[in-house]
Amino acid sequence: MQGDELRTAFTALMYHEMTHVFQWSGNFTAPGPLTEEIADYMVLRAKLNGAGFALPGQGDRWDEGYEVTARFLEYCDSLMTGFTAALNNKMRYAYSEDYFVQLLGKPVSHHPMIVACHCEGTGWRFWGDNNLRSKFWGRSIQLDPVGVLTLEFDDGEVLQWSKVTTSIYNLILGKLYCDHYGTMRIQGNCKYSCKLKFKEQSIIDRNPHQVQGIVQGSNGKTLATLFGKWDESMHYVTGDCSRKGKGFESLSDAHLLWKRSKPPQFPTRYNLSRFAITLNELKNYICKQGHSPLILLMGPCNNTL
């Protein structure tokens with residue numbers, strides 16, 4: 001490489017590296033390849049790309065990296081003049097794929113991650129699916145589940161609800177912790193429905209993780225009042241006690257509804273609870289049917305967990 005070819009390559013390198021000086025990275029939350037791709041896009045805009053530069057339409061994914069995504073940004077600029085500059089401005093404090101929707105009106109990912117589950121027990125079945133919408137705030141991330149969970153009993157009663165918002169704090173510095181907050185409405189197809197309020201934790205809050213709610217009949221009358229903490233226990237009192245204000249825990253007629261199980265003495269690798277582990281155990285009637293290679297590989301059944 002020499003002469004004009006060397007000069008062009010050196011100038012392209014300077015364009016690329018100087019772009020990093022002036023661009024934003026969303027407080028280092030933007031994907032590393034994207035910041036490189038924006039720099040390569042500037043090389044493309046300056047018409048300093050060499051003969052081996054990717055052609056429009058090449059590649060399998062928009063975020064494949066470097067030249068491929070530079071061509072993708074070029075395409076986005078054809079849809080909206082100044083798109084890459086506008087995207088860079090939005091990435092000053094944080095990064096989200098929602099920026100593409102805000103600027104272009106369409107997402108870059110048409111196949112979002114879906115979390116699905118299904119399990120059965122004696123007299124009940126549970127299933128659901130959720131998609132997560134995330135917002136990054138610098139030192140924390142907010143997760144908003146989108147989806148419905150369903151619990152069906154053999155007597156025909158069905159309950160459905162959606163999860164509340166979860167935020168994880170101190171991602172960079174400090175002790176990592178999470179909080180759940182928002183309103184959860186549990187809708188039944190028979191006589192009952194429930195509304196639970198997860199209180200958002202404040203900096204000065206000395207009693208965090210509080211949950212309060214009511215159970216209502218089909219006529220809208222409050223049948224029971226619920227209170228407790230989502231990480232400890234939940235209690236209930238018959239009737240409407242929501243107007244009594246604070247101090248639910250001191251009510252002598254409260255009944256225990258749920259209590260957190262003690263963590264195992266030897267935690268599993270992924271901190272699975274005892275209940276979660278038993279959901280995946282093999283039942284005796286399965287082991288007696290056919291003895292497939294998978295069952296033989298997993299060993300004899302053990303229903304004593």
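Mentor: First, pLDDT is the predictor's confidence in each residue, on a scale from 0 to 100. Helices (H or I, at least four residues) and strands (E, at least two) are DSSP runs, numbered from the N terminus. This is a predicted model, where local features need pLDDT of at least 70 and side-chain atom pairs count only at pLDDT 80 or more, while totals for chains, interfaces and linings use all residues. Residues are numbered from 1 along each chain as its sequence is written, and side-chain values use heavy atoms, with hydrogens and water left out.

Trainee: Which elements have the lowest and the highest mean pLDDT?
Mentor: Helix α8 (residues 293-298) has the lowest, at 40, and strand β7 (residues 193-198) has the highest, at 95. Over residues 291-305 the pLDDT is below 50, and beyond near neighbours in sequence this stretch has 17 contacts in the model (contact means heavy atoms within 4.5 Å). For the chain, the mean pLDDT is 81, and 85% of its residues reach 70 or more. The chain holds 8 helices and 11 strands.

Trainee: How do you know that the span of helix α2 is close to what is expected?
Mentor: The expected span of a helix is 1.5 Å times one less than its number of residues. Helix α2 (residues 32-45) has 14 residues, and the expected value is 20 Å. From its first C-alpha to its last, α2 reaches 21 Å, which is close to that value.

Trainee: Which residues of α2 are called buried?
Mentor: Buried means under 20% relative accessible area, exposed over 50%, and partly exposed in between (1.4 Å probe, protein chains only). In α2, the residues that count as buried include L34, I38, Y41 and L44. Of the 305 residues of the chain, 33% count as buried.

Trainee: Why is K47 called exposed?
Mentor: The relative accessible area of K47 is 73%, and the cut-off for exposed is over 50%, so K47 is exposed. K47 lies in the loop between α2 and α3. Its phi is positive, about 60°, although K47 is not a glycine.

Trainee: And why does H209 count as buried?
Mentor: H209 has 15% relative accessibility, and buried means under 20%, so H209 is buried. H209 sits in the loop between β7 and β8. H209 also has a positive phi in a residue other than glycine, near 65°.

Trainee: What makes strand β8 largely enclosed by the rest of the structure?
Mentor: Strand β8 (residues 210-216) has 7 residues and 5 of them are buried, so β8 is largely enclosed by the rest of the structure.

Trainee: How do you know that β8 pairs with β7?
Mentor: Two strands pair if DSSP finds at least two bridges between them. β7 and β8 have 6 bridges, in the antiparallel sense, so they meet that rule.

Trainee: Which residue in β9 is the bridge partner of I214?
Mentor: That partner is T225. β8 and β9 pair in the antiparallel sense over 7 bridges. They form a hairpin with 5 residues between them, and G220 in the turn has a positive phi of about 90°.

Trainee: What makes a group of residues a nonpolar core?
Mentor: A nonpolar core is a set of buried Ala, Val, Leu, Ile, Met, Phe, Trp, Tyr and Cys residues joined through side-chain atoms within 4.5 Å. The largest one has 22 residues, of which L87, M91, Y95 and F100 touch the most other members. The elements giving two or more residues to this core are α2, α3 (66-79), α4 (83-90) and α5 (98-104). A second, separate core of 17 residues includes V164, V211, A224 and M234.
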